[in-house]
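Subject: Handover of a structure and a summary of its features

Dear colleague,

Please find below the structure that I am handing over to you. I would be grateful if you kept it open while reading the notes that come after it.

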Amino acid sequence: MEQKILAATLYLKNGVPVKGSDDLTPAGDLNFLAKSYNDGGIDKIFVFDLSSADEEHEKNLHTIKTLNRMIDIPTCGGGNVRRLEDIKKLLYAGCKQVIVNASRPYCFELADEGSSRFGNEKILVSVKNVDFIFKHKEVIKEKIHELLVMDAALLDSIDNLTDTQYVALCEENNQDCMLGILNRENSRGIYGSFLNDIDTNVMELKSSLSSRGIKMDNFEPALKWSDFRLNSDGMIPVITQDYRTAEVLMLAYMNEEAFHKTIKTGKMTYYSRSRSKLWIKGSVSGHIQYVKSLTADCDKDTILAKVSQVGNACHTGSYSCFFNEIVHKEYTEKNPLKVFEHEYDVIADRKANPKEGSYTNYLFDKGLDKILKKIGEEATEIVIAAKNPDPEEIKYEAADFLYHLMVLMAEKGLTWEDITQEISHR
């Protein structure tokens with residue numbers, strides 16, 4: 001059985017999230033919503049541009065690009081998709097797929113054109129009735145990847161007309177209603193307003209649906225609690241680490257109940273020895289730790305948890321609990337990512353806080369054309385160096401080129417995370 005998905009929906013007006021196409025009330029901070037969906041178990045986000053003018057459309061595209069920089073899960077963009085250029089802009093903004101509206105007279109031609117240009121796996125069609133499917137049932141699967149069904153009452157008719165997969169609207173936060181959709185052979189998943197609510201515990205919902213026979217992307221532990229070697233208190237120590245930076249955040253303990261609750265909810269849950277009770281990290285402060293992975297050591301007497309940390313891990317307000325230095329030996333950092341991030345941070349700081357006599361500030365002051373000229377020169381130097389027998393020359397020229405590239409990145413507001421995320425998606 002193929003995994004089913006739970007999708008959230010994000011509506012954008014004037015560059016900010018709103019509650020719906022018929023309710024333009026602000027829906028909250030984009031950063032907070034993005035992190036909640038990304039880390040809380042949502043599998044995909046449908047993003048709808050509700051713009052009414054070109055300027056607002058561009059603003060919403062910028063927001064979509066910002067959203068895709070912040071999250072790991074795929075987005076599917078829709079709204080105001082009238083031309084091939086609109087499909088291209090959404091894909092270039094980081095969307096994995098684009099939604100074409102079946103109620104528009106140009107829908108099939110546009111879906112066909114988009115499919116031919118970018119591949120049918122990039123194209124979805126949103127339907128509110130079966131007319132589109134009935135007219136194109138012979139070729140629909142060749143042209144589009146999935147349907148976005150906006151009325152669950154259509155599902156019987158759709159199943160009779162096509163075996164194209166779909167994600168369907170589920171209007172009730174009711175598991176019987178969800179199962180009625182998810183158990184259908186052509187169903188890929190559901191979306192609905194309750195999945196947009198950040199108070200919905202998506203991982204817990206997935207666990208419950210999984211127990212009722214639906215294959216979900218939820219945690220299924222490879223080790224049982226009985227597999228661990230516990231301490232004298234019947235607990236296991238947990239070292240918690242930031243999944244992006246590998247920074248160690250804290251050390252705490254789990255008992256069996258905490259372990260199972262962590263697996264079920266996707267939120268780090270510990271046992272507080274000082275208070276003698278279960279402790280869901282962030283339940284009071286909001287500084288939740290969303291689980292990315294749990295790994296046991298060789299003796300199975302310690303767990304390493306990699307998490308997405310909201311806010312700070314330490315009760316003192318520090319991001320990590322480990323900040324009291326005891327001894328320190330100077331060393332040259334050789335981790336490539338840390339070196340690049342450090343150098344980029346220095347360059348970005350020069351841009352924000354100019355320093356007299358700085359070559360970096362000289363480049364920023366001269367502007368984009370000067371930066372581009374230097375990049376061209378350094379690229380040429382790499383080509384020349386590569387023709388020489390000594391590989392050391394390439395090393396020096398490549399370092400110069402990367403420095404000037406980072407200046408350009410800072411000038412244009414790009415980070416190494418933006419670059420590496422783009423590479424990882426290829």
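The following paragraphs describe what was found, beginning with the whole chain and then turning to particular regions.

Please bear in mind throughout that this is a predicted model.

**The chain as a whole**

The chain has 426 residues, of which 42% count as buried. It contains 16 helices and 16 strands. Its C-alpha atoms fill a box of roughly 70 × 65 × 45 Å, taken along the principal axes. The chain exposes about 23000 Å², and carbon and sulfur atoms supply 50% of that area. Among contacts with a separation of 6 or more, 56% are made by residues 24 or more positions apart.

**The nonpolar cores**

The largest nonpolar core holds 57 residues, and the members that touch the most others are Val 125 and Leu 147. Helix H4 gives the most to this core, with five residues. A second, separate core has 18 residues, including Trp 225, Ile 236, Ala 258 and Ile 303.

Which residues are in contact with Leu 147, once its neighbours within four places in sequence are left aside? They are Val 125, Val 127, Ile 133, Ile 140, Ile 158, Thr 162, Thr 164, Gln 165, Tyr 166 and Val 167.

**Helix H3 and its surroundings**

Helix H3 covers residues 84-92, and its buried residues are Asp 86, Ile 87, Leu 90 and Leu 91. Viewed down the axis of H3, these buried residues fall within an arc of 135°, so they line one face of the helix. The elements that cover them include helices H2 (54-70) and H4 (107-118), together with strands S5 (75-78), S6 (97-101) and S7 (123-127).

In the loop between S5 and H3 lies Asn 80, whose phi is near 55°, a positive value in a residue other than glycine. Asn 80 counts as buried because its relative accessibility is 19%, and the cut-off for buried is under 20%. Just after H3, Gly 94 takes a positive phi of about 110°.

Helix H2 also contains Thr 66, which is partly exposed, with a relative accessible area of 25%. The C-alpha atoms of Thr 66 and Ala 34 are separated by 9.9 Å, and these two residues are 32 residues apart along the chain.

**Salt bridges**

The count of salt bridges comes to 23.

- Glu 58 pairs with Lys 89, and their closest N and O atoms are 3.0 Å apart. The pair links distant parts of the chain, since Glu 58 is in helix H2 and Lys 89 is in helix H3, 31 residues apart. Glu 58 is partly exposed, with a relative accessible area of 41%, and Lys 89 is partly exposed at 25%.
- Lys 143 pairs with Asp 112, with 3.1 Å between the closest N and O atoms. Lys 143 lies in helix H6 (residues 140-143) and Asp 112 in helix H4, so the pair ties together parts that are 31 residues apart in sequence. Asp 112 counts as partly exposed, at 23% relative accessibility.
- Glu 204 pairs with Lys 264, the closest N and O atoms being 3.8 Å apart. Because Glu 204 lies in helix H10 (residues 202-211) and Lys 264 in helix H11 (residues 256-265), the pair ties together parts that are 60 residues apart in sequence. Glu 204 is partly exposed at 28%, and Lys 264 is partly exposed at 40%.
- Lys 373, Lys 374, Glu 377 and Glu 378 are linked in a network of salt bridges.

**A surface patch and a further loop**

Ile 239, Val 248, Leu 251 and Phe 322 form a nonpolar patch on the surface, with about 340 Å² of accessible area together. Is Phe 322 buried or exposed? Phe 322 counts as exposed, because its relative accessibility is 52% and the cut-off for exposed is over 50%. Phe 322 is found in the loop between strand S16 (303-309) and helix H12 (336-352).

Lys 300 lies in the loop between strand S15 (289-296) and S16. Its phi is near 60°, a positive value in a residue other than glycine. At 33% relative accessibility, Lys 300 counts as partly exposed.

Yours sincerely,
A colleague

Methods
Residues numbered from 1 in each chain as written. Predicted model: local features only at pLDDT ≥ 70, side-chain atom pairs only at ≥ 80, totals over all residues. Heavy atoms only, no water. Buried < 20%, exposed > 50% of the residue type's maximum accessible area, 1.4 Å probe, protein only. Helix = DSSP H or I, 4+ residues; strand = E, 2+ residues; numbered from the N terminus. Arc of directions from axis to C-beta. Contact = heavy atoms within 4.5 Å. Patch = residues over 30% accessible without salt bridge, like charges linked within 9 Å, V, L, I, M, F, W, Y side chains within 5 Å. Areas by Shrake-Rupley, 256 points an atom, 1.4 Å probe, with all protein chains shown as cover. Salt bridge = Lys/Arg side-chain N within 4 Å of Asp/Glu carboxyl O. Core = buried A, V, L, I, M, F, W, Y, C linked by side-chain atoms within 4.5 Å.
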